[in-house]
Amino acid sequence: MLRMRRITDQGFVVLAHFIVRGGDGLLTARAISEELGLPPATAAKVLKALQRGGLLRSTRGLCGGYSLACDPASTTVVDVIEAMEGPLTLTECSVDGVVNCDTHESCHLAGTWPAVNKAVIGALQGVTLLDLVADRMPQSTPVVTQVG
């Protein structure tokens with residue numbers, strides 16, 4: 001079964017929270033922890049990973065906190081997974097130049113896994129953060145202007 005680590009899933013939850021809030025303003029690790037019901041240590045770990053990955057920015061100081069540093073319309077699921085977990089690969093032999101397998105010499109599948117890996121990554125690159133939260137975004141009200 002392909003499965004993200006729980007902390008990666010929590011990274012998506014945190015990013016979605018920033019996006020649905022409108023992406024404006026700073027949120028502290030404590031606020032994230034309280035608003036999302038995450039343990040404080042987990043919230044801090046997720047925020048730091050997302051900041052290191054360039055998806056959030058941090059501001060130090062008395063009025064500091066975290067803010068969105070990426071464009072939700074162009075940031076993909078792959079971007080988030082790789083920020084949280086490192087390069088996305090299905091098997092060890094999906095990574096060019098890496099051979100960490102006891103059966104590499106006799107394996108009849110080694111040459112096919114990179115293509116499968118590429119297909120999975122391609123599919124996930126077609127889904128943005130904005131796609132994930134689209135049904136949670138407030139509907140904008142059309143502005144009606146009366147003429148005359």
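**Cysteines, core and pockets**

Analyst: A search of the whole structure turns up zero disulfides (pairs of cysteine sulfur atoms within 2.5 Å). This is a predicted model: local features need pLDDT of at least 70, side-chain atom pairs count only at pLDDT 80 or more, and totals for chains, interfaces and linings use all residues. Residues are numbered from 1 along each chain as its sequence is written, and side-chain values use heavy atoms, with hydrogens and water left out.

User: Is Cys63 buried or exposed?
Analyst: Cys63 counts as exposed because its relative accessibility is 67%. Exposed means over 50% relative accessible area, buried under 20%, partly exposed in between (1.4 Å probe, protein chains only).

User: And Cys70, buried or exposed?
Analyst: Cys70 is buried, at 14%.

User: Switching to the core. Which residues touch the most other members of the largest nonpolar core?
Analyst: Val14, Leu15, Phe18, Ile32, Leu50 and Leu56 do, out of 29 residues. Such a core is a set of buried Ala, Val, Leu, Ile, Met, Phe, Trp, Tyr and Cys residues joined through side-chain atoms within 4.5 Å.

User: Which elements give two or more residues to this core?
Analyst: α1 (6–20), α2 (29–36), α3, β2, α4 and α6 (129–133). The largest share, six residues, is from α1. Helices (H or I, at least four residues) and strands (E, at least two) are DSSP runs, numbered from the N terminus.

User: What is Ile32 in contact with?
Analyst: Leaving aside neighbours within four places in sequence, Ile32 is in contact (heavy atoms within 4.5 Å) with Val14, His17, Phe18, Leu27, Gly37, Leu38, Ala43 and Leu47.

User: Now pockets. How much space is in the largest pocket?
Analyst: About 270 Å³. A pocket is an open set of points on a 1 Å grid where a 1.4 Å probe fits, with protein on both sides within 12 Å along at least five of seven lines; lining residues have an atom within 4 Å of a point.

User: Which elements supply at least two residues of that lining?
Analyst: α4 (77–85) and α5 (113–125) each do. The lining of the largest pocket divides into eight nonpolar, two polar and two charged residues. Its members include Leu2, Met4, Ile81 and Val120.

User: What about the second largest pocket's volume?
Analyst: About 190 Å³. Its lining has two nonpolar, seven polar and three charged residues. Among them are Thr28, Lys48, Arg52 and Tyr66.

User: Where does the largest share of that lining come from?
Analyst: From α3, with three residues. β1 (56–59) and β2 (65–68) each supply at least two.

Key. Points joined across faces, edges and corners; volume = space filled by probe spheres on them. Nonpolar A, V, L, I, M, F, W, Y, C, P; charged D, E, K, R; others polar.
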